[in-house]
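The sequence and structure are shown first.

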Amino acid sequence: MKGKLAAIFATVIVALVIVGFAYGAWSETLTIEGNVTTGQLNVGIRRDNIDCSCSDEMTCSWEGFDDDADDYYERIKVTVSNGYPGGQCSVTFEVHNLGTIPAKIKDISITGNTVQVAATLTGLSEGEIIEVGGIRSCKLTLEVTDQAEEVATYSVTVTIDAVQFNAP
């Protein structure tokens, strides 16, 4: 019994010594902080450089929409009047990368009455990257086809989707 008591006492002493050393040890903490500022994706159509030209007797006009108040258009609406089969109107414009990161053209789609009005966009293609401050001169050609009827109104929408340069 004396031996067991001595073993318990020795164990308690050793535990206290270990705790005492651990408690009395010096320590120091290092902290690393980081800040990340994200960039901006902003692609727009320059306001003062949009031009319409048409075949004889046809006319076109355009209206721009600045959805984010940055003095560049995110949308333009082109109106063609007095169209006839074989007649064409061309709209030239510039797409600018106004952001702080390169922009990639993810998709270009043309929807609407494309049987009656053939629409072609040149100067910009899917997968193309526009560097920061970069500009692409584009031309949208609208041609009235033989499928168009007299005294009718047709609509075509061209949508250009841009994403960050490294997006899939």
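Predicted model: local features only at pLDDT ≥ 70, side-chain atom pairs only at ≥ 80, totals over all residues.

## Overall fold

Among the contacts in the chain with a separation of 6 or more, 71% are accounted for by residues 24 or more positions apart.

The protein chain has 168 residues, of which 24% are buried. Its accessible surface comes to about 11700 Å², and carbon and sulfur atoms contribute 53% of that area.

## The disulfide

The count of disulfides is one. The bond joins C54 to C89, with an S to S distance of 2.0 Å. C54 belongs to strand β2 (residues 51–54) and C89 to strand β6, so that the pair, 35 residues apart, links distant parts of the chain. The link of C54 and C89 is right-handed, with 110 degrees about the S-S bond.

The two cysteines can also be described by their accessibility. C54 counts as partly exposed because its relative accessibility is 27%, whereas C89 is buried, with a relative accessible area of 1%. C138 is likewise buried, at a relative accessible area of 4%.

## The largest nonpolar core

The largest nonpolar core comprises 22 residues, and F93, L124 and L140 touch the most other members. Two or more residues each are given to this core by β6 (88–97), β7 (103–112), β8 (117–122) and β10 (135–144).

Leaving aside its neighbours within four places in sequence, L140 is in contact with C89, S90, V91, F93, A119, T120, L121 and V158. This list includes the disulfide partner C89.

Methods
Residues numbered from 1 in each chain as written. Heavy atoms only, no water. Core = buried A, V, L, I, M, F, W, Y, C linked by side-chain atoms within 4.5 Å. Buried < 20%, exposed > 50% of the residue type's maximum accessible area, 1.4 Å probe, protein only. Helix = DSSP H or I, 4+ residues; strand = E, 2+ residues; numbered from the N terminus. Contact = heavy atoms within 4.5 Å. Areas by Shrake-Rupley, 256 points an atom, 1.4 Å probe, with all protein chains shown as cover. Disulfide = S-S within 2.5 Å.
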